[in-house]
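Dear colleague,

I am passing on the structure below, and I would be glad if you kept it open beside this message while you read.

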Amino acid sequence: MKILVDGGHRLSGRVRVDGAKNAVLPILAASLLAEEPVTLRGVPALDDVLTIGGVLQGIGLDLEIDPGGNLRINPGTSRLQPTAPDDLVRRMRASFLILGPLLARLGEVRIALPGGCAIGSRPIDLHLKGLEALGAKLEHQHGCIRMQARGLVGTRIYLDFPSVGATENILMAAVLASGTTFIENAAEEPEVVDLANFLVALGARVHGAGSKVIRVDGVRRLKGTSYTVIPDRIEAGTFLIAGAITGGDVWVTNALPEHLKPTMAKLREAGCEVWEEEEGGVRVRAKGRPRSLDIKTLPYPGFPTDMQAQMMALCTLAEGTSIITETVFENRFMHVDELKRMGAQIQIQGHSAVVRGVPALYSASVTATDLRAGAALVLAGLAAEGRTEVGGLHHLDRGYVDLEGKLRALGAHIQRREEWHSPSAVPDLVGSPQ
Ligand code: EPZ
């Protein structure tokens, strides 16, 4: 299966993004803490959501999702047990987010160590250190870990790095610990704030989420709630760049501007008009060839690492030379080689990529190596001359629901096709959608 895109078509119009993948995954894990029914709305139909749903069902949680994106969890008919299904945990690192809530609910967890992935080794030392500080005992068993705790006790925890996942795992464990916990040097991402808001809706006592210090006053039990997940700021940023890279005019109607400040600022620096629409959302209008940018990824509120590849695609066509420095992950330049196959001029120097802008990219057959690299290659294909084929779609489907359908609605000539072996068989993409 590949995505075929005929580049050179200006995108314009309105698009709605789905619920945030990186908010719904921890919120689903946190649903293990509820002792009454939970309803989540705005749940995106992503492969990663299905994977964590399988993990939760594997440990006995009764959950069901309807096609409308509503997910219902019924603790009354759930029979939780401490062992997570290894195959699903290995498939997706975020499964590790069940560690904190399950430890808080059952007092023990057995889970496979998450694998690394294309963008880095992805250690979990900060998760484990935080949970041990709350009183959990850790055992390593043949590629799995087992944690036990006869009641977690609140304490002060300092994170060496503001890890999103570690902040979330510790937060979810601390809400049922006895006493008060302070998480210092905590991650400030909007998805952490959304998790904290969900926990408060369940009856938890959490203060300071979105700042460097989160305070948690433990409670004995948590009730149920109905909750709507925030829109996905990375998906929104991806569509804004789609507008910019095609010289178009794109309005992401449900984007939250306060979550998009770094991306909006960089698009303005590149010479685009970017503004908050009266009726809501964020709109971009490109003004000719983009100007070059200097970008350094940082934990929130810095420029998000999850937007780095997409912004690099824009920079490959900029006037001048851009410097893009990745400080969050050790190996998040896998998209560079694929962009170079399309004529991009990029040199990697340590943690930085030097991107010398070219007047045009040309189409090629390229392969996604991770989720955001896939998005970057589709964006490059929208601007490249000719027909670009993007493979490795299983990466893309982890983080985007119907990316090509949403782009087609904005005027892109793009289709998802079975792999073709004879050029004569490939129909014109402008035809009716599949
Ligand atoms: C979350 O991953 C996101 N995933 C990632 O999104 C995102 O790129 C990342 O945060 C940074 O914003 C989800 O929320 C499901 P980290 P996470 O722990 O929690 C090191 C996407 O494209 N680290 O903040 O795994 C780690 O190696 C994905 O949607 C430790 O050293 O990120 C990395 O270099 C990709 N020890 C850095 O911290 C630890 O115990 C940031 O990792 C934990 C992390």
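An oxygen atom of the ligand lies 2.6 Å from a polar backbone atom of V328, which is a polar contact in the sense of a pair of N or O atoms within 3.5 Å. Taken alone the ligand exposes 820 Å², and the protein buries 88% of that, with areas from the Shrake-Rupley method and a 1.4 Å probe.

This is a predicted model, in which local features need pLDDT of at least 70 and side-chain atom pairs count only at pLDDT 80 or more, whereas totals for chains, interfaces and linings use all residues. Residues are numbered from 1 along each chain as its sequence is written, and side-chain values use heavy atoms, with hydrogens and water left out.

There are 22 residues around the ligand, and D125, L126, S163, D306 and V328 come nearest; a residue is near a molecule if one of its heavy atoms lies within 4 Å of it. By class, this shell has 10 nonpolar, five polar and seven charged residues, where Asp, Glu, Lys and Arg count as charged, Ala, Val, Leu, Ile, Met, Phe, Trp, Tyr, Cys and Pro as nonpolar, and the others, Gly among them, as polar. Helix 5 gives the largest share of the shell, three residues, helices being DSSP runs (H or I) of at least four residues and strands (E) of at least two, numbered from the N terminus.

Best wishes

Key
Polar contact = N/O pair within 3.5 Å; in protein donor to acceptor, adjacent residues only side chain to side chain.
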